[in-house]
Amino acid sequence: WNPAGLARLERPEFGASHAELFAGSRLDSLAYAHPTGQGCFAVSATYLSQPAIEGRDSTGRPTADFSASDAAISLSHARKFEAADIGGTFKYLRSHIASAEADSLAVDLGVRHRFGPLAIGAAGRNIGPGLKFDDERNDLPLRLALGASIQVAAAHTMAAEVRGNPRGGGIHAALG
């Protein structure tokens with residue numbers, strides 16, 4: 001969730017997933033990250049699809065079925081610096097509902113620093129103008145996060161995060 005974390009990747013990694021969700025929805029993703037002498041570069045694609053949705057008019061009578069889907073394509077880069085690891089992700093977002101379509105651009109920015117077994121990081125996610133369908137703009141879920149982790153044994157790490165949504169939604173904390 002913090003693009004600066006890519007800076008410490010030591011070998012190429014590939015990931016793919018497919019999830020069957022509630023009511024026939026599907027979530028698919030592909031990701032590849034490749035460390036180089038100039039930092040780590042990554043690319044990913046995510047696609048959320050819905051089965052046909054029964055349309056209704058304002059009186060509740062059935063109309064034609066319609067579809068909905070969301071997609072994101074991301075390019076990331078992270079690099080190690082003496083003071084901290086810094087990373088960013090550039091995202092292209094596209095959403096489709098019935099005959100309406102919207103697209104937008106967004107970025108995620110992150111910083112991370114390690115003090116021995118303690119790591120501290122901060123990230124801003126979904127920084128962008130939002131999606132505009134016809135005349136209505138929908139904000140992206142902007143997230144600001146501050147987190148820390150400490151390695152307490154060879155195979156055990158404790159982590160905590162505080163995150164907030166400046167556009168509403170309050171502040172949340174997590175511990176694990």
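User: What order do the elements of the chain run in, from the N terminus on?

Analyst: From the N terminus on, they go β-β-β-β-β-β-β-β-β-β-β-β. Keep in mind that this is a predicted model.

User: How many helices and strands is that?

Analyst: Zero helices and 12 strands.

User: And what does the C-alpha trace span along its principal axes?

Analyst: About 65 × 35 × 30 Å.

User: How much of the chain is buried?

Analyst: Buried residues account for 28% of the 176 residues.

User: What about contacts, how many join residues at least 24 apart?

Analyst: Counting contacts between residues at least 6 apart in sequence, 38% join residues at least 24 apart.

User: Let's zoom in on S76. Where does it sit?

Analyst: S76 is in strand β4, which covers residues 68–80.

User: Buried or exposed?

Analyst: S76 counts as buried, because its relative accessibility is 13% and the cut-off for buried is under 20%.

User: Which side chain does the S76 side chain make a polar contact with?

Analyst: That of T89, at 2.7 Å.

User: What else is S76 in contact with, leaving aside its neighbours within four places in sequence?

Analyst: Besides T89, S76 is in contact with L6, C40, F41, A42 and G88.

User: OK, strand pairing. How do β4 and β5 run, and how many bridges join them?

Analyst: They run antiparallel, with 13 bridges joining them. The link between β4 and β5 is a hairpin through four residues.

User: Which residue in β5 stands opposite I73?

Analyst: Y92. On the β6 side, Y92 has L105 as its bridge partner.

User: So how are β5 and β6 joined?

Analyst: By 13 bridges, again antiparallel, with β6 covering residues 100–115. β5 and β6 also form a hairpin, with two residues between them.

User: Which residue in that turn has a positive phi?

Analyst: A98, with a phi of about 55°.

User: How many residues line the largest pocket, and which lie nearest its centre?

Analyst: The lining has 41 residues, and W1, T46, S74, K91 and D108 lie nearest the centre.

User: Which strands supply at least two residues of that lining?

Analyst: β1 (13–20), β2 (26–36), β3 (39–49), β4, β5 (85–97) and β7 (118–127) each do. That puts β4, the strand holding S76, among the strands lining the largest pocket.

User: What's the lining like by class?

Analyst: For the largest pocket, 20 nonpolar, 12 polar and nine charged residues.

User: And the second largest pocket, how much space lies in there?

Analyst: About 350 Å³. Its lining has 21 residues, with N2, G121, G147, A148 and E161 nearest the centre.

User: Which elements give two or more residues to that one?

Analyst: β7, β10 (143–153), β11 (156–164) and β12 (171–175).

User: Which of them gives the most?

Analyst: β7, with six residues in the lining of the second largest pocket. β7 also supplies at least two residues to the lining of the largest pocket.

Notes. Residues are numbered from 1 along each chain as its sequence is written. This is a predicted model: local features need pLDDT of at least 70, side-chain atom pairs count only at pLDDT 80 or more; totals for chains, interfaces and linings use all residues. Side-chain values use heavy atoms; hydrogens and water are left out. Buried means under 20% relative accessible area, exposed over 50%, partly exposed in between (1.4 Å probe, protein chains only). A polar contact is a pair of N or O atoms within 3.5 Å; within protein, one must be able to donate a hydrogen and the other to accept it, and residues adjacent in sequence count only if both atoms are side-chain atoms. Contact means heavy atoms within 4.5 Å. On a 1 Å grid over the protein atoms alone, a cavity is a set of points where a 1.4 Å probe fits but cannot get out, and a pocket is an open set with protein on both sides within 12 Å along at least five of seven lines; lining residues have an atom within 4 Å of a point. Ala, Val, Leu, Ile, Met, Phe, Trp, Tyr, Cys and Pro count as nonpolar, Asp, Glu, Lys and Arg as charged, and the others, Gly among them, as polar. Grid points are joined across faces, edges and corners, and a volume is the space filled by probe spheres set on the points. Two strands pair if DSSP finds at least two bridges between them.
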